[in-house]
Amino acid sequence: MTKVFDATKFRKSITKSIQGLGIGFSDPTDWISTGNYALNYLMTSDFNKGIPLGKVTVLAGESGAGKSYIASGNIIKNAQEQGIFVILIDTENALDEQWLQALKVDTSEDKLLKLSMSMVDDVAKTVSEFMKGYKEQHADNKEGAPKVLFVIDSLGMMLTPTDVNQFEAGDMKGDLGRKPKALTALVRNCVNMFGSWNVGLIATNHTYASSIVVAMKKLKLKEDEKGNKVTDVRGIRAACKVMKTRYAKPFEGVQVKIPYDTGMDPYSGLVDLFEKKG
């Protein structure tokens, strides 16, 4: 009779010898809604899920497409309602407290830490130092560790030392490709650091090695609250296409309406989605 392999000794040995090793599966257990049922479904095959902790999600697209509204508004608000602490990194110095509060984000210090920084290296150091202390503090009770969400708005506005040095020297020829490499390294390292911990990241702007990527395009909303066409622009139609996801079929899209006066209806886009699905 063939002996069954006992992996106990090997597991202990490899855990000691390789730093940062994760053993076993780390499927997400905590999800934060985007505030829109159709978009949640296209991202995760579930109307009530959205972005997962333990992973990196990116909302990519042109300026004014609604990325900050969803990431820094809806997702932060919904995370806070689930008892998740949010660390908001504002690289554009554009997120006003009044605007966040209008989107029902709790800006009190016990619910939100807002950091303004523009350097890729500083953001990487901040996340790395946080994760080092977080893992040390909760090593004995991984599952009971507090839940934390990083929000970076946005990746594309961050600077490298080369950008700064060239600007000070009056040289505007660019950073010779260093910035894309630095941003890619930042996102990949976050993916590895978070793993099976109760920490997640959502960022706006560019598409890197993340778990979920949603491409967003800005269209004009020219209809009233009853759906009748009007001549003036009443808001944004955010055309969202899920470019990458491990939880649903990719390359499907939905148009989400975000009126200026009322904000996004969580049911927006559902009828079109149901019609496509038959």
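**Note on cores, a helix pair and cysteines**

1. Start with M216. Beyond its neighbours within four places in sequence, M216 is in contact with L59, A60, G61, E62, A65, G66, K67, I70, A238, A239 and C240. Bear in mind that this is a predicted model.

2. M216 belongs to the largest nonpolar core, which has 39 residues. Alongside M216, the residues with the most contacts inside this core are I32, L149, I202, V214 and C240. Two or more residues each come from α2 (37–44), α3 (67–81), β4 (85–90), β6 (148–153), β8 (212–221), β9 (235–244), β10 (252–259) and α8 (270–277). The most come from α3, which gives 6 residues.

3. Now the helix pair. Helix α5 (residues 120–137) packs with helix α7 (residues 178–194) at an angle of about 10°. Their axes are 10 Å apart. Angles under 35 degrees count as roughly parallel, so α5 and α7 are roughly parallel to each other. On the α5 side, the contact uses V120, V123, A124, V127, S128, M131 and K135. On the α7 side, A182, L183, L186, C190, M193 and F194 take part. By class, the contact residues are 11 nonpolar, 1 polar and 1 charged.

4. C190 has a relative accessible area of 0%, so it is buried. C240 counts as buried because its relative accessibility is 2%. Buried here means under 20%. How many disulfides are there? The count is 0, with a sulfur pair required to be within 2.5 Å.

Conventions. Residues are numbered from 1 along each chain as its sequence is written. This is a predicted model: local features need pLDDT of at least 70, side-chain atom pairs count only at pLDDT 80 or more; totals for chains, interfaces and linings use all residues. Side-chain values use heavy atoms; hydrogens and water are left out. Axes are lines fitted to C-alpha atoms, for helices over the stretch in contact, and angles run from 0 to 180 degrees between N-to-C directions. Helices (H or I, at least four residues) and strands (E, at least two) are DSSP runs, numbered from the N terminus. Angles under 35 degrees count as roughly parallel, over 145 as roughly antiparallel, 65 to 115 as roughly perpendicular and the rest as oblique. Contact means heavy atoms within 4.5 Å. Ala, Val, Leu, Ile, Met, Phe, Trp, Tyr, Cys and Pro count as nonpolar, Asp, Glu, Lys and Arg as charged, and the others, Gly among them, as polar. Buried means under 20% relative accessible area, exposed over 50%, partly exposed in between (1.4 Å probe, protein chains only). A nonpolar core is a set of buried Ala, Val, Leu, Ile, Met, Phe, Trp, Tyr and Cys residues joined through side-chain atoms within 4.5 Å.
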